[in-house]
Amino acid sequence: MRLGNAVTAVLAGSVLGCATVQPVSHPADFIPEKHPKQVWLTREDGKEFLLVNPRLEGDEVVGWARGRREREVRVALEETSRVSARQTHWTRTALVAGLGVLGGGLFLYAVSRDASKPQNLCDSAYPVGAGQCY
């Protein structure tokens, strides 16, 4: 059961470690190239939007606003002060991969160390001979 828990922890860590919401420096290039599932927009007046399935139409970002009343929203790029999207966080990804390799190595070391110990083949139910064990 411990192995299952370890595998679950590594997979959960890799999912959490690999992608984070980060600011997009060039949304006009990023949205058409990466096709993010959602973006977070902040207009200059402070109003924030979470847009699902965003796309670029001219100089506007168009997508479905999440909230109480889902509706299609258009926000001009020139009116935005910040655009963020879930992106790969390379430092965390490398750290998680390194920890996974280290954990795998420690697991293999423990298994091979346990396998190299001499096994006691004596069983009182099946005596081989008087005082003999193999």
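Predicted model: local features only at pLDDT ≥ 70, side-chain atom pairs only at ≥ 80, totals over all residues.
Leu-95 counts as exposed because its relative accessibility is 54%. Exposed means over 50% relative accessible area, buried means under 20%, and partly exposed is in between (1.4 Å probe, protein chains only). Leu-95 sits in helix α3, residues 90-115.

Residues are numbered from 1 along each chain as its sequence is written, and side-chain values use heavy atoms, with hydrogens and water left out.

**Overall plan and confidence**

- The chain holds three helices and six strands. Both are DSSP runs numbered from the N terminus: helices are H or I with at least four residues, strands are E with at least two.
- Along the sequence the pattern reads α-β-α-β-β-β-β-β-α.
- The chain has 134 residues, and 22% of them count as buried.
- Take the contacts between residues at least 6 apart in sequence: 50% of them join residues at least 24 apart. Contact means heavy atoms within 4.5 Å.
- Mean pLDDT for the chain is 79, and 71% of the residues reach 70 or more. pLDDT is the predictor's confidence in each residue, from 0 to 100.

- Six strands form an open, antiparallel sheet in the order β1-β6-β2-β3-β4-β5. Two strands pair if DSSP finds at least two bridges between them.
- The edge strands are β1 (19-23) and β5 (71-76), and each pairs on one side only.
- Neighbouring strands are turned by 40° against each other on average, direction ignored. Axes are lines fitted to C-alpha atoms, for helices over the stretch in contact, and angles run from 0 to 180 degrees between N-to-C directions.
- Helix α2 (residues 27-34) packs on the sheet and touches β3 (48-57), β4 and β6 (80-88). The direction of α2 makes about 75° with that of β3.

- β3 and β4 run antiparallel, joined by five bridges. Leu-56 has Val-61 in β4 as its bridge partner.
- These two strands form a hairpin with two residues between them. In the turn, Gly-58 has a positive phi of about 70°.
- Strand β4 (residues 60-65) is joined to β5 by six bridges, again antiparallel. Val-62 is partnered with Arg-74 in β5, and Glu-60 with Ala-76.

**The nonpolar core**

- The largest nonpolar core has 14 residues. Such a core is a set of buried Ala, Val, Leu, Ile, Met, Phe, Trp, Tyr and Cys residues joined through side-chain atoms within 4.5 Å.
- Leu-41, Phe-49, Leu-51, Val-61 and Val-73 touch the most other members.
- The elements giving two or more residues to this core are α2, β2 (38-43), β3, β4, β5 and β6.
- Leaving aside neighbours within four places in sequence, Leu-51 contacts residues including Leu-41, Val-61, Trp-64 and Val-73.

- Glu-57 lies in strand β3. Glu-57 is partly exposed because its relative accessible area is 31%.
- Beyond its neighbours within four places in sequence, Glu-57 is in contact with Val-62 and Arg-74.
- The side chains of Glu-57 and Arg-74 make a polar contact of 2.8 Å. A polar contact is a pair of N or O atoms within 3.5 Å; within protein, one must be able to donate a hydrogen and the other to accept it, and residues adjacent in sequence count only if both atoms are side-chain atoms.
- The C-alpha atoms of Glu-57 and Arg-74 are 8.9 Å apart, and the residues are 17 apart in sequence.
- Thr-80 belongs to strand β6. Thr-80 counts as buried because its relative accessibility is 14%.
- A polar atom of the Thr-80 side chain lies 2.7 Å from the backbone oxygen of Leu-77.
- Not counting residues up to four places away in sequence, Thr-80 touches Leu-41, Thr-42, Arg-43, Glu-44 and Val-75.
- Gln-87 is also found in strand β6. Its side chain reaches the backbone oxygen of Gln-22 at 3.1 Å.
- Residues touched by Gln-87, not counting those up to four places away in sequence, include Cys-18, Ala-19 and Phe-30.
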